[in-house]
Structures are given as C-alpha cells and as structure tokens.
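Hi,

Here's the structure I promised you. Have a look first, and my notes follow below.

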Amino acid sequence: MSKRVLIVDDAAFMRIKLKDILEKNGYEVAGEAQNGNEAVEKFKEVKPDIVTMDITMPEKDGVEALTEIKAIDKDAIVLMCSAMGQQTMVMDAIRAGATDFIVKPFDTERVIKALDKAIR
Ligand SMILES: [Mg+2]
C-alpha cells in the first residue's frame with residue numbers, strides 16, 4: 001500500500017510541485033495545509049505516514065507545528081522543507097525532532113530519496 005503524505009506549505013506552487021513528485025513516485029497525498037495551524041488539524045484528521053513541513057509560513061511556522069505534532073505523536077515522521085539562509089530554524093527543527101530535511105527548490109530524486117529513507 002502506498003504511503004500517505006501530508007503536504008504543508010504556504011506557497012500553492014510548492015504544494016503542486018511536491019504533489020506531482022509524490023504521486024508520480026508511488027506516494028499518496030493524504031492532505032494539504034497552508035500554515036502551521038492547518039497542519040496540526042490535518043495531522044490529527046488524516047493521520048499521515050509522513051509530513052513534509054515548510055519552515056516559514058504565516059500564523060504558525062513549521063517549527064511550531066512540528067513541535068505540536070511531535071507532542072501528539074512522538075513517532076511522527078516530519079521532513080522539513082528548508083531554503084538557503086534558514087540555518088537557525090533548521091537547528092530549531094532538529095531540536096524539535098525533525099526526521100530529515102528536504103532542500104528547496106525541490107528535486108525529484110532528492111525528495112524521493114529522503115522520503116524512502118524516512119519510512120524505512
Ligand atoms: Mg513558506
């Protein structure tokens with residue numbers, strides 16, 4: 001059975017790009033969220049196998065949402081999506097329990113490699 005992924009990003013084109021990569025490589029998109037609040041709600045609702053979490057988002061950022069998700073399920077697999085120049089938030093995410101990182105812009109091979117490794 002294909003693994004179910006919750007995509008979290010405030011940029012619609014990033015979600016579209018990730019969804020395309022995931023669906024072409026045997027993953028199922030269980031849901032999408034565009035800020036940290038929605039991410040936590042969707043996580044509880046769809047119980048995904050993996051979450052891809054953008055770091056910078058309005059209302060509640062990715063590190064805060066990650067922290068709340070790990071409080072709900074300490075075994076949650078959360079891959080942070082980071083861009084250049086976000087080292088401080090990357091460190092915060094590591095401390096908050098992030099499983100791994102996907103660097104933007106998304107590259108199909110790197111994204112799939114990170115997901116395959118995370119759920120192994
Ligand atoms: Mg963002």
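By contact I mean heavy atoms within 4.5 Å. Before the details: this is a predicted model, so local features need pLDDT of at least 70 and side-chain atom pairs count only at pLDDT 80 or more, while totals for chains, interfaces and linings use all residues. Residues are numbered from 1 along each chain as its sequence is written, and side-chain values use heavy atoms, with hydrogens and water left out.

First, N35. It sits in the loop between β2 (28–33) and α2 (36–46); helices (H or I, at least four residues) and strands (E, at least two) are DSSP runs, numbered from the N terminus. N35 is buried, at 7% relative accessibility (buried is under 20% relative accessible area, exposed over 50%, partly exposed in between; 1.4 Å probe, protein chains only). Its side chain reaches two backbone nitrogens, that of N37 at 2.9 Å and that of E38, also at 2.9 Å. If you skip neighbours within four places in sequence, N35 touches V8, M57, P58, E59 and K60.

Then the metal. The magnesium ion has D10 (OD), D54 (OD) and T56 (O) as its protein donors, 2.1 to 2.2 Å away. Donors here are N, O and S atoms within 2.8 Å of the metal (3.2 Å for Na, K and Ca), and as water is not among the atoms, sites may look incomplete. D10 is in the loop between β1 (4–8) and α1 (12–23) and T56 in the one between β3 (50–54) and α3 (62–72), so the pair ties together parts 46 residues apart in sequence. D10 is partly exposed at 35%, and T56 is partly exposed at 38%.

Cheers

Notes: A polar contact is a pair of N or O atoms within 3.5 Å; within protein, one must be able to donate a hydrogen and the other to accept it, and residues adjacent in sequence count only if both atoms are side-chain atoms.
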